[in-house]
Amino acid sequence: MNEPGTHARFVPRPGTLTVTPADRTKALRAAALTLEECAALRQQDACGGELRLTGSIPVGLGMGSSTSDVLAAVRAVADAFALRLAPGTVTRIALRAELACDPLMLDDRPRLFAQRHGRVLEVLGEALPPVVVVGCALAGGTPVDTLALPAPSCTDDDVDTYEALRTHMRRAVRDRDPRLLGHVATASARLGQLRLRQAGFDTLTALADRAGAVGVQIAHSGSVAGVLFDPTTPGARRRVRRCAQDLEREGLPVTRTFTTFPTPEESPHGPAHRRGDRPPRPDTSRRPARLPAL
């Protein structure tokens, strides 16, 4: 999806480096690191400046809001030096700025990415299989601070389980198989629930089964989730519409419907969207997720 996202504007100035809103500390660290990088490349002295961020990504839902802020800051500072930094350099800066980052600086091919090491372990293929995703939020959209959670401990059996899922995922991408993708996503979501324990997950899976979906997915680092449909299934449009209604009825707020393939019909779906998105403003503060922002 092209939106929501973060937009950054950087004006270099002598003195200190500031950021607006003031609580975007990860973006501020990224801007400082980028200033050092760019000054070295241009053989100049590092300067200060003003970084201003705008955007409307809900925080703590697992939508990559921190990485989006960081990457926008990096690109804005580099642009002020008329530089375009290599993806590896951007990844290194993002990792230093936020300890663990999403691979938003890379292209949109499905890949296995080590968030805490900033390293691509495997590119799984050119594109995900075609699925329609009815997005929603578990636990009422309560934010999740993943860095505050205990580090997961994996047994040899866990490693074997994930390796089997990785094999299935390769085949799903290779064969463009929505059902196999749904199987992997659901199994991964169940494993993630052992750590996240999101309220409403059992309701989500039961609803997906009733709707004839191929599976469900939840963010590895938040409460945003989705029900996955094979677009070639007879009555897929009707199933998607009914699923959105059932999610709302069960108290799982619908965010938007989108696809893994290009379509002119991708559009906001939930009640919040029918009222229009909250417009981004320079004074938009970093605050706990509010579903109207979706």
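**Helices, a sheet and a hairpin**

Let's start with two helices. In α1, Lys 26, Ala 27, Ala 30, Ala 31, Thr 34, Leu 35 and Cys 38 meet Ser 66, Asp 69, Val 70, Ala 73, Val 74, Val 77 and Ala 78 of α2. "Meet" means contact: heavy atoms within 4.5 Å. By class, the residues of this contact are ten nonpolar, two polar and two charged. Nonpolar covers Ala, Val, Leu, Ile, Met, Phe, Trp, Tyr, Cys and Pro; charged covers Asp, Glu, Lys and Arg; the others, Gly among them, are polar.

Now the ground rules. This is a predicted model, where local features need pLDDT of at least 70 and side-chain atom pairs count only at pLDDT 80 or more, while totals for chains, interfaces and linings use all residues. Residues are numbered from 1 along each chain as its sequence is written, and side-chain values use heavy atoms, with hydrogens and water left out.

The pLDDT is the predictor's confidence in each residue, from 0 to 100. For this protein the average is 86, and 89% of the residues score at least 70. Residues 266-294 fall below 50, and this stretch has 71 contacts in the model beyond near neighbours in sequence.

One word on names. Helices (H or I, at least four residues) and strands (E, at least two) are DSSP runs, numbered from the N terminus.

Back to the helices. How do we describe a packed pair? We give the angle between the axes and the distance between the axes. Axes are lines fitted to C-alpha atoms, for helices over the stretch in contact; angles run from 0 to 180 degrees between N-to-C directions.

Helix α2 spans residues 65-80; α1 packs with α2 at about 30 degrees, axes 8 Å apart. So α1 and α2 are roughly parallel to each other. The cut-offs: under 35 degrees is roughly parallel, over 145 roughly antiparallel, 65 to 115 roughly perpendicular, and the rest oblique. The crossing of α1 and α2 is right-handed. That is the clockwise case; a crossing is left-handed if the near helix is turned anticlockwise from the far one by less than a right angle.

Next pair. Helix α1 (residues 25-42) and helix α3 (residues 87-98) have axes that come within 8 Å and cross at roughly 135 degrees. That makes α1 oblique to α3. Their crossing is right-handed. Which classes make up this contact? Four residues are nonpolar, two polar and six charged. Among the residues of α1 that meet α3 are Arg 29 and Glu 37.

Third pair. Helix α4 (residues 156-175) and helix α5 (residues 178-196) come within 8 Å, axis to axis, and cross at roughly 155 degrees. That makes α4 roughly antiparallel to α5. Here the crossing is left-handed. On the α4 side, the contact includes Tyr 162, Leu 165 and Met 169; on the α5 side, it includes Leu 181, Val 184 and Leu 191. Nine residues of this contact are nonpolar, four polar and one charged.

On to the sheet. It is open, with three strands in the order β1-β3-β2 and mixed pairing. The edge strands, β1 (6-13) and β2 (17-20), each pair on one side only. Strands pair if DSSP finds at least two bridges between them. Ignoring direction, neighbouring strands are turned by 15 degrees against each other on average. Strand β3 (residues 48-55) pairs with β2 in the parallel sense over four bridges. Leu 17 stands opposite Gly 49 in β3.

What lies across this sheet? Helix α1 lies across β1, β2 and β3, at about 145 degrees to β2. Helix α2 also packs on the sheet, touching β1 and β3, at about 40 degrees to β1.

Now the hairpin. Strands β4 (residues 111-114) and β5 (residues 119-123) run antiparallel, joined by four bridges. Phe 113 stands opposite Val 120 in β5. Four residues sit between β4 and β5, and Gly 118 in the turn has a positive phi of about 65 degrees.

Most residues other than glycine have a negative phi, and most peptide bonds are trans. Leu 99 has a positive phi, near 75 degrees; find Leu 99 in the loop between α3 and β4. The peptide bond from Thr 20 to Pro 21 is cis, with omega near 0 degrees. Pro 21 is in the loop between β2 and α1.
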